[in-house]
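Please open the model in your viewer and keep the selection panel handy. We will go from stop to stop together.

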Amino acid sequence: MIRLYDGGVYLKDGETILPAAQAGGAGDPMQARKGTMASQILHAHNTSGNESKLKIKFDMLTSHDITYVGIIQTARASGLEKFPIPYVLTNCHNSLCAVGGTINEDDHMFGLSCAKRFGGIYVPPHQAVIHQFARERMAAGGRMILGSDSHTRYGALGTMAVGEGGPELVKQLLGQTYDIDAPDVVAIYLKGEPARGVGPQDVALAIIGAVFKCGYVNNKVMEFVGPGVKNLSADFRIGVDVMTTETTCLSSIWTTDEKIREFYGTHGREEDYRELKPAALAYYEGCVEVDLSKVEPMIAMPFHPSNTYTIRELKENLTDILHDVEEKAKVSFGEKVSFSLADKVQGGRLYVDQGIIAGCAGGGFENICAAADILKGRDTGNGAFTLSVYPASTPIYRELAVNGRMADLIEAGAVVKTAFCGPCFGAGDTPANNAFSIRHSTRNFPNREGSKVQSGQIASVALMDARSIAATAANGGFLTAATELDVEYTAPKYHFDSRIYDRRVFDSHGQADPTQPIVQGPNIKEWPAMRELPENLALKVVCEIHDPVTTTDELIPSGETSSYRSNPLGLAEFALSRKAPDYVGLAKEVQLGEKALEQGSDPVSALPEFAAVLEAIRTEAPEMKEEQLGIGSTIFAVKPGDGSAREQAASCQKVLGGWANIANGYATKRYRSNLINWGMLPLLIDGEELPFAKGDWLYLPKIREAVEQKASEIEACVVRDGKLEHFTLKMGALTDDERQIILDGCLINFNRVK
């Protein structure tokens, strides 16, 4: 089904794979690298003149309502006067406003006023999820789009899109660039044709399961090529493409053809189509070969999209696999909750409590129509099992109503709702305690669906394709692959009605209105002042995480924090609450010492435990003056940052006095970038044995000088028994601007200085 090649490959005429080790004189790989679609698009958007060190300017930006407030506030603090390129502000995350208040709706009014003030595009709540609107109205062949959501992926339409933390969008709004080394490009070679009942989520999960753990495409571009591409519809390709984020790749791009031209034509934008294909000879740093005909219905069991099995395999090894999931749960939850899936087995079959088809991955027209075909004449039953369907946009919703598929779903017992991302991050259809939910959405991280271990409540999610979810619904909640049912798939034609957006979406057409007042509700707060990097740092380790990977959901929860995303200090109260409930209190205690320093007071009076630390430092460095010292906190995690692009995973630590993360490695570039943009040191340490533990104080002498001099190794000490025990940390590569951002204390300060 999936084959990973060792080493690089050449692709000849878009059809034939030639492993580099066997290719002889096929061509110069350096020259052939330029033949990839990714390289061609990156080159067209690079402003550096250096093919290795890229400075990218994007064509468009897109954000949703739990990111755009902070982005615009940051840009305003740096002098923003006008959006220099089209910037779409969608409202698909905070669509359900706080009960008894107007917190989220205030964010929406802020967004609308800013779209008018700075010349943007505003998509009201319930009209479209962020990525569907981008597909329908923004994507174009050869274009590059930067979004503040990690699933910013429009490669199937010929657009290279990147999901990053908000500060990277701020840079684009201020005329700056996205600076990266030229990424490696990996061929995703598709051949064959999917079996009936196999959907895009099945193909995506098969790929994720094959590449995630080994990091095969980490921070690389996935380029979809091969004869199998033509056998997939545009909607099918989109469904695979959006899930590439879960491989930890940087971006994606696909060959385009008449099916993609038809997509643009259907949406009234045929002029935005561009044929994309690799050169006659293109070189890739790796290749993932996918035989589509051998892909079976898949399931990603809790608690990661890479925890994949075929549904057939799960059924055949039910007891063993469920036990394995339960054991993995202990890594994340310990003894905080009692988690079991074994009690979901009834008569040898796995029963699930809930099905969801939603969002940028599941809410596409073809997915929902296929689900309706499966459920036509069947029903979901009147027991505990429920099925909810969220079309990804109002135009899709309308077409389902017009062609009768919505009626089929409703008659079968499904509830059809408006466009909303909530089920993907825990703000909608939250399962009951101990419930097991199957979802065609993007992620199934621990607690992402809304459970709270600190309150003793736990639920879990598995990812599946809409077709198998519908088959399970038709079977009363007992896990069923779509290929097990005899279904006639009608594949109705889609008709897009642009009047829906024309009548509701505000589009400034790039015209700013500086007289427009910005509407700012009481929960929308400015960023607190942040100090530049001091000469020396004393850091207390206030959290220690040894899970193999730590997600951004565990660094800052998703669902319950939505109402506070525009309030930096209010949001920070939730930092690490699911993983280390004592983190906020410990970080605040340490921060008292830093605040005392900033006010010219004795830090020991505010933080008595610091007396012993200061004495140990002065024993070795008597010349060190307190005004040259910074006091803060740090966390250790083995590999933090998998998942969402949300900058708040870093900024919440910073506003609580965090100066650094220490890790064996960073799961994604975007999380490391978020740390840097908030002025935090992205430190690295080798090995499993740490020279420090939670509660220890670390001293980083001359850290500012080390950053200025581009040191790759950082001198560090742990304070123990009144002495300093030395060890070494590493920094990793930084651009000159990234280095200066850290020195200035954060991106806001960097831009003020400039």
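The tour below visits the cores, then a helix, then a sheet.

This is a predicted model, in which local features need pLDDT of at least 70, side-chain atom pairs count only at pLDDT 80 or more, and totals for chains, interfaces and linings use all residues. Residues are numbered from 1 along each chain as its sequence is written, and side-chain values use heavy atoms, with hydrogens and water left out.

Start by selecting Tyr-87 and Met-301, the residues with the most contacts inside the largest nonpolar core, which has 171 residues. Such a core is a set of buried Ala, Val, Leu, Ile, Met, Phe, Trp, Tyr and Cys residues joined through side-chain atoms within 4.5 Å; buried means under 20% relative accessible area with a 1.4 Å probe, protein chains only. A second, separate core of 48 residues includes Ala-538, Val-542, Ala-650 and Trp-697.

Just after H24, look for Gly-657, with a positive phi of about 100°.

Finish at the open sheet of three strands, ordered E3-E2-E14 with antiparallel pairing (strands pair if DSSP finds at least two bridges between them). Strands E3 (16–19) and E14 (281–284) stand at the edges, each with a single partner strand, so one side of each has no neighbour in the sheet. Strand E2 (residues 9–12) pairs with E3 over four bridges, and Lys-12 stands opposite Thr-16 in E3.

Methods: Buried means under 20% relative accessible area, exposed over 50%, partly exposed in between (1.4 Å probe, protein chains only). Helices (H or I, at least four residues) and strands (E, at least two) are DSSP runs, numbered from the N terminus.
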